[in-house]
Amino acid sequence: MDSLTEVESSNHLVNTNNTHSSHLPTNSNITSSSSSSSSSRYENQKRRDWNTFGQYLKNHRPPLSLSRCSGAHVLEFLRYLDQFGKTKIHAPICPFYGHPNPPAPCPCPLRQAWGSLDALIGRLRAAYEENGGKPEMNPFGARAVRLYLREVRDLQSKARGISYEKKKRKRPPPPPSSSGEANMQH
């Protein structure tokens, strides 16, 4: 018996009328992911994120099964999360637009920070595949999601006056050559 079928048959929340493909994870997988006491912080956060997304799908109107979830639904979810954000994103008309540390309060909205959204999508993308989803069907890896994250990053970078450039890796300095030092001795 494959893991999807085991989870579906053992989970009392499964709707028996649900007709979804067996190659995609089901909503029942979302609430029944295994946890161990020795899970890492990352694994625990990934499980919480997965459960939160599953709850979002369940509360969606009309309710949405994971097998019918697309990149557009993932974008809806990210926009929904903005209301819980804690990062001030200045509007272009704000006098503090482009200032990383504004000297006074302003009415600009609080949003989810780009880095938080990027990390969230990474965890959900991994959780989707760990729960039986095929990588090529992963809605968290959809082109629309990647483009949205890039747009959010660029907008927030300008609004907050913070560069999100990738950090260049430092190369270790070359070891001193012994032949050069030998020639310099008198």
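Among contacts in the chain between residues at least 6 apart in sequence, 59% join residues at least 24 apart. The model in which these contacts are counted is a predicted one. Its secondary structure comprises seven helices and two strands, arranged along the sequence in the order α-α-α-α-β-β-α-α-α. Of the 186 residues in the chain, 33% are buried. The chain exposes about 12800 Å², of which carbon and sulfur atoms supply 52%.

Several residues of H5 are buried, namely Trp114, Leu117, Leu120, Ile121, Arg123, Leu124, Ala127 and Tyr128. Their cover includes helix H3 (41-59), helix H4 (71-81) and helix H6 (143-160). After H5 comes Gly132, with a positive phi near 100 degrees.

The structure holds 10 aromatic pairs. In one of them, Trp50 and Tyr128, the ring centres are 6.5 Å apart and the planes stand at 75 degrees, so the pair is classed as edge-to-face, the class that applies over 60 degrees. Because Trp50 belongs to helix H3 and Tyr128 to helix H5, this pair ties together parts that are 78 residues apart in sequence. Both Trp50 and Tyr128 are buried.

A further edge-to-face pair is formed by Phe53 and Phe77, with 5.0 Å from centre to centre and 80 degrees between the planes. Phe53 lies in helix H3 and Phe77 in helix H4, so here the parts tied together are 24 residues apart in sequence. Phe53 is buried, its relative accessible area being 0%; Phe77 is likewise buried, at 2%. The residues of both pairs belong to one aromatic cluster, which consists of Trp50, Phe53, Tyr56, Phe77, Tyr80, Phe84, Tyr128 and Phe140.

The loop between strand S1 (87-88) and strand S2 (110-111) contains Ile93. With a relative accessibility of 82%, Ile93 counts as exposed, because that term applies over 50%. The C-alpha atoms of Ile93 and Cys108 are separated by 9.7 Å, the two residues being 15 residues apart along the chain.

Notes
Residues are numbered from 1 along each chain as its sequence is written. This is a predicted model: local features need pLDDT of at least 70, side-chain atom pairs count only at pLDDT 80 or more; totals for chains, interfaces and linings use all residues. Side-chain values use heavy atoms; hydrogens and water are left out. Buried means under 20% relative accessible area, exposed over 50%, partly exposed in between (1.4 Å probe, protein chains only). Helices (H or I, at least four residues) and strands (E, at least two) are DSSP runs, numbered from the N terminus. Contact means heavy atoms within 4.5 Å. Accessible areas come from the Shrake-Rupley method with a 1.4 Å probe; for residues, only the protein chains shown count as cover. Rings of Phe, Tyr and Trp (its six-membered ring) pair if their centres lie within 6.5 Å; planes under 30 degrees apart count as stacked, over 60 as edge-to-face and the rest as tilted.
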